Structure formats: C-alpha cells, structure tokens
Amino acid sequence: MIWILVVTAGIITFCLRYSMIAFIKPETLSETTKKVLTYVPSAVFPAMIFPAVLFNEQGQLYYENNVQILAILFAIVVGYLSKNTLITILAGLIFYWLLIFI
Amino acid sequence: MQDESKSTKTFQKDKVFFQGIYDVLPLLIPVVPFGIIYGVLGIELGLSPLVTFCSSFIIFGGASQLVLVNLFSAGASPLVILGSVSVVNSRHLLYSAVLSQFINKLNLPWRLTLGYLMTDQAFSVSYRYFANNKHEHSHFHMFGSGLTLWLIWQISTLSGILLGSIIPEELGLEFTIPLTFVSLLVYEFRKLDYVIVMLVSGFISILTFNLPFKAYIIISAIIGLITAYLINQKLKVKTK
C-alpha cells in the first residue's frame, strides 16, 4: 500500500513539474504573461514563510514571545542590505540562536 | 582548429555547471537538517528504511514527503494523502510555466531531467541565472544546482535513516526553512511592486492556513499573481 502511494505521489509530482514544460510554447506567451510570471517567487515563497513563522504546531497563530518573528525580521533587513543568500541565511540563523540560547 | 572550438565549448558547459553548484551551496545549509529530519521521522512513524529512502528519489520533494508520511501514519485515506501531495506540490506548475520559456527548446531527455530536478531552490537560483544569462548552455546551470540538491537530499535522508537524530532538536533547525525562502527573495526586496505581491501572498496565507489539503500555498500564490497582474495593468495605464 505504502509503495503504491509513494510511486503515485512521485508520478503526480513529476507531472506537475513537467506539465508546463510540455505544454507551453514560449512563442505563445504574451508579454503580459511573461511579466506576471516574473512575480512567481514573490507570490509563492511568502506562503512558505509567514505560516512557518506565525503558527505553532497546533495550527494556532502565536506572536507573544515568538522569537522566530524577530529572527525572520532581522533576516529580512540583512537580506535587504546585503542582497546575498548565504549572508541572509547565516545572519538569520545566528540571530535566532542568540535569541533562544541567551 | 575544430578541436579547439570543441574544447572551449566543453569548458563553457563545465563552467556553467559549476556555477549552478556554487549558486546552490548556501541553500544546502537548510536542506541537510531537513533531509535528516525526514529520514528520522519516516522510521519513527513506522515506514521501512527502504520506503523512506526510496521516497526521497521517487517523489524528491521535502514538504510533500513529510505530508505523505504524516498522513499515512495517521491513517488518512489514499485519496486524502494523494490529494494533499498534489496540492502541496501544485506550486511546481508555476515554476514549470516560468522555466518553460528557457528549457522548452531543449531535447526530450534534457526536459525530462530538468523537470525531475525542479525544486523550490533549483528553480529559484537557476531562474535567476537564466534571466541574466541568455546562452545556449544555460541549462547546465540548473543541471548543476538540481543535481547537487538531489544528491544532498538523498545523502541526508540516508543519514537520518542510518544514524537517527544526530542533530539536537534544541537547535530549532526547522526555522531554516522559512529562512531559506526569505534568502531566495532578497533580490526583490528593493522593488515595491514585488514587495506588495509578497505582502498580499503572506497575508492570504495566514487567512487560509487552516484550509484542508494545505491549499493555502497555491491559493496565496494565485492571489499574489492576480495582484501582480493588476499592478501591471495600473502601471500600463499610467505610462500611456
């Protein structure tokens, strides 16, 4: 049973990844569509950021004593200033550790 | 003469390939603990080591693998499990649409390979490369970034299975996941229209977080893209 699930999930995931490569012909994309597609990271990634920081494991919002909020804001500021992926991750993580260990 | 031109060509491919590896390196900091956590969790939740390991290359998508093992161990129906995996991974449809502009001209084996290697991280770093470097070997960048992520994901899953939780829970490394996504957006932080889209998407994700099937990701993404479309229509009217 688990094998069937894993393989089916794998096929579905591959189809999702491959679908648009298979179907879209670049010349059919309008300039507007191309422009809107440049916003894909900005439209998808915040949905992976906000809930991960703001919700606890029970699915409830929590912001009192939530050090993750402070650390993520710090990372955003560092990212804004540095425009550097590595520096942003390291700074965010180190600041987070300072907050939880000290 | 011919040999010489051939060797510069290979050099180019190598260079682009290694650039892909180099660009994805910072993102491995979160991938390693995440892979280990997945390996440990799979075993803890009662999957066999073989299933846990194989799912990492059959599915090759951390978030969806976690959803699958969690729901399976909780006794959810296959339909719910596969539905959730589909919804969680539906964001790849958008990545696929973005990357299609750059990799559609490649032959079938390349398209299949890069399709399989498409993850949040590989998409993000290589899309940035594709947008800034238009040449015939640019796809080697995604081959480098994707393959590196793939390899590290398999190794870290295996480490989790074999060695157990070698990373202390107190380190709070789950936090590196949202941190990764912040670090992938840093180039857009100075552009107001992109920041508005981020805030809209983030706000919607909070509102819709408790919907079934983890639908909040794709709903927030679509509303974010509609916002982007509307902003651009406004800008067009203004410039006319």
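What distance separates the centres of domain 1 and domain 2 of chain B, taken over C-alpha atoms? The answer is 25 Å. The model is a predicted one, and the sections below go through its two chains, the contact between them and a few single residues.

## Chain B as a whole

Chain B contains 12 helices and 0 strands. Read from the N terminus, its elements are α-α-α-α-α-α-α-α-α-α-α-α. Along the principal axes, the C-alpha atoms of chain B fill a box of roughly 60 × 55 × 35 Å.

Chain B has 240 residues, and 46% of them count as buried. Among contacts in chain B with a separation of 6 or more, 74% come from residues 24 or more positions apart.

## The two domains of chain B

Domain 1 of chain B covers residues 2-168, and domain 2 of chain B covers residues 185-240. Between these domains, 9 residues of domain 1 of chain B are in contact with 7 residues of domain 2 of chain B. On the domain 1 side, helix 5 and helix 6 (91-103) of chain B are the elements that give two or more residues. Helix 5 of chain B gives the most to that side, with 4 residues. By class, the side of domain 1 of chain B that touches domain 2 of chain B holds 4 nonpolar, 3 polar and 2 charged residues.

Helix 5 of chain B takes in residues 78-89, 12 residues in total. From its first C-alpha to its last, this helix reaches 16 Å, close to the 16 Å expected at 1.5 Å a residue. Buried residues in helix 5 of chain B are Ile81(B), Ser84(B), Val85(B), Val87(B), Val88(B) and Asn89(B).

How many residues of chain A are in contact with chain B? There are 61, and they meet 73 residues of chain B. Six helices of chain A each supply at least two residues of the side that touches chain B: helix 1 (2-23), helix 2 (31-37), helix 3 (40-44), helix 4 (46-54), helix 5 (67-82) and helix 6 (85-101). Helix 1 of chain A gives the most, with 17 residues. The residues on this side of chain A divide into 43 nonpolar, 13 polar and 5 charged.

## Helix 5 of chain A

Helix 5 of chain A has 16 residues. Its reach from first C-alpha to last is 22 Å, close to the 22 Å expected at 1.5 Å a residue. Which residues of this helix are buried? They are Gln68(A), Ala71(A), Ile72(A), Ala75(A), Val78(A) and Gly79(A). These residues lie on the same side of helix 5 of chain A because they cover an arc of only 120° around the axis. An α-helix has 3.6 residues a turn, so residues three or four places apart point the same way.

The buried residues of helix 5 of chain A pack against helix 4 and helix 6 of chain A, together with helix 10 (176-183) of chain B.

## Residues in the loops

Helix 5 of chain A is followed by Lys83(A), which is placed in the loop between helix 5 and helix 6 of chain A. The phi of Lys83(A) is near 50°, a positive value in a residue other than glycine. Lys83(A) counts as partly exposed because it has 14 C-beta neighbours inside 10 Å, and the partly exposed class lies between 12 or fewer for exposed and 20 or more for buried.

Phe213(B) likewise has a positive phi, about 65°, although it is not a glycine. Its place is in the loop between helix 11 (192-208) and helix 12 (216-239) of chain B. With 16 other C-beta atoms within 10 Å, Phe213(B) is partly exposed.

Is Glu170(B) buried or exposed? Glu170(B) counts as exposed because it has 9 C-beta neighbours inside 10 Å. Glu170(B) is found in the loop between helix 9 (139-163) and helix 10 of chain B. Glu170(B) and Glu44(B) are 126 residues apart in sequence, and their C-alpha atoms are 19 Å apart in space.

Methods: Residues are numbered from 1 along each chain as its sequence is written. Chains are lettered from A and ligands numbered from 1 in the order in which they are written. This is a predicted model: local features need pLDDT of at least 70, side-chain atom pairs count only at pLDDT 80 or more; totals for chains, interfaces and linings use all residues. Two residues are in contact if their C-beta atoms, placed from the backbone, lie within 7 Å. Ala, Val, Leu, Ile, Met, Phe, Trp, Tyr, Cys and Pro count as nonpolar, Asp, Glu, Lys and Arg as charged, and the others, Gly among them, as polar. The expected span of a helix is 1.5 Å times one less than its number of residues. The arc is that of the directions from the helix axis to the C-beta atoms. Domain bounds come from an automatic or database domain assignment.
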